[in-house]
Amino acid sequence: MSVALPSLARMRQAARESVSGLPRAYWWLWTSTLVNRLGGFVAPFLAMYLTVDRGYSASYAGLVGALYGLGGAVSAVGAGVMTDRLGRRPTLLVSQSATAVSVAVLGFVQHPAAIAAVAFLVGMASNGSRPAVQAMMADLVAPEDRIRAFSLNYWAVNLGFAFSATVAGLIAEHGYLALFLGEAIMTLLCAVVVFVKLPESRPVREEPAGAATAAAEPEVGLGTVLRDRGFMAVVALSFLVATLIQQGFVGLPVAMGASGLSSSDFGLAIAVNGVLIVALQIPVTRFIERHREPTRLLAGAALLIGYGFGLTAFAGSVAVYALTVCVWTIGEIINTPIQMGLVARLSPTHGRGRYQGVYVLSWSLAALVAPLAGGAVIDHFGADVLWAACAVVGTLTAVGYGALVRAVAAEERDGEGVGEGEGDGVAGDRLGSGSAPEAGGAPASGGAPEAGESDRPVAAG
């Protein structure tokens, strides 16, 4: 007992340090995320719904998944611009309301062309909230706390996912329509939380008083983002990571179904992903915070993700599938907070929506490419070839992260940045473990306080 008590006390202290000091508005945003993910029934089971319940081929399921991803790609950049121009809160409300309606409709349509068209609309609506959520989080939270804030939000995503994946698998045994309607209801509830509890957080651009102010707060357009070479390198590597992770929701259910396993079996296997993230995300993030240069961990994370999927070629039972999920999930746990915190550091205050939109675009394009590639490879070459390709992509991604970190380290040694200006490359301190200084900007009237306005403890994201 004397040994257990100090350990319990340390655990409680760690828990307090992980959640304390973040603003109240952040926690309402966190709550809306949790509610949304508790009802995230459809996306993980869409491929199995189409192939097992409706009897379509893996290629058709891949096409529908690709259209879902295409819808997300279309909305990512547009929603990013909308987030900067109209505000975070209006973007969230429009996106969540449209998602609730389109998901409900998807449960009723029967014709293959109609299913594909509505899946495109669902992808477009559901993805529209992501730039707004991430930009609002960067608005609300001090730079040194962002890794912790993003990590806690990702923890909520996976807490909800662990629940929804398990429950959805059981519900699907009795009919898929309840999944579509259940997600629509939960998404509407999420919109209610945003409407009632969340203030607008978009920083107000101050009118320039002179040349110095105008230089400090340059206009940010999509061209600015696309010319930021270091940021776009991060986006490209994010695309490769996302393409791998998407196979857990596209290739994995199809392969398990082809092996004679049921939707509840897939639900149990993929729920390991959410459960493991819930159990390990916060302690791993605390370790990352202490790491001198956390970006160096990105290469190792890419290898874990790639080879975790590669090991799936040897799976034949639910237990072994679940074990492979554990491997790539550990890589995901390491990659996500580092990459999201990095993107927030690279984004100028008045361009957060656009920067986050382009970053979200990398995941949307992955959601477009991964189903097409995964379905086609399984149909023509078999699942084992898909898993071997995942290992190759993971290796290439790790090499890319390593090259990016080495390039930045070389620039730091030479005493110069990777590029010039706010939007033309990433200086060493932007990729390093510290937080880049924020550009000025007051919160919108009646909105949440700008990051850094109050004392907050150490963080993770």
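Some ground rules. Residues are numbered from 1 along each chain as its sequence is written, and side-chain values use heavy atoms, with hydrogens and water left out. Because the model is predicted, local features need pLDDT of at least 70 and side-chain atom pairs count only at pLDDT 80 or more, while totals for chains, interfaces and linings use all residues.

Salt bridges to begin with. Side chains of opposite charge can pair when their charged atoms come close. The term here means a side-chain nitrogen of Lys or Arg within 4 Å of a carboxyl oxygen of Asp or Glu. The structure has five of these salt bridges.

Aspartate 84 bridges to arginine 354, with 3.0 Å between the closest N and O atoms. That pair links distant parts of the chain, 270 residues apart: aspartate 84 is in helix α4 (residues 58–85) and arginine 354 in helix α17 (residues 352–381). Helices here are DSSP runs of H or I, at least four residues, numbered from the N terminus.

Aspartate 139 bridges to arginine 352, the closest N and O atoms being 2.7 Å apart. Here helix α7 (residues 129–140) supplies the aspartate and helix α17 the arginine, 213 residues apart. Both aspartate 139 and arginine 352 are buried, as are aspartate 84 and arginine 354. Buried means under 20% relative accessible area, exposed over 50%, and partly exposed in between, with a 1.4 Å probe and protein chains only.

Which residues make up the salt-bridge network? They are Asp84, Arg88, Asp139, Arg352 and Arg354.

Now the rings. Rings of Phe, Tyr and Trp (its six-membered ring) pair if their centres lie within 6.5 Å; planes under 30 degrees apart count as stacked, over 60 as edge-to-face, and the rest as tilted. That rule gives ten aromatic pairs. Tryptophan 30 and tryptophan 155 are stacked, at 6.3 Å centre to centre and 20° between the planes. Tryptophan 30 sits in helix α2 (residues 24–38) and tryptophan 155 in helix α8 (residues 146–172), so the pair ties together parts 125 residues apart in sequence.

Key: Helices (H or I, at least four residues) and strands (E, at least two) are DSSP runs, numbered from the N terminus.
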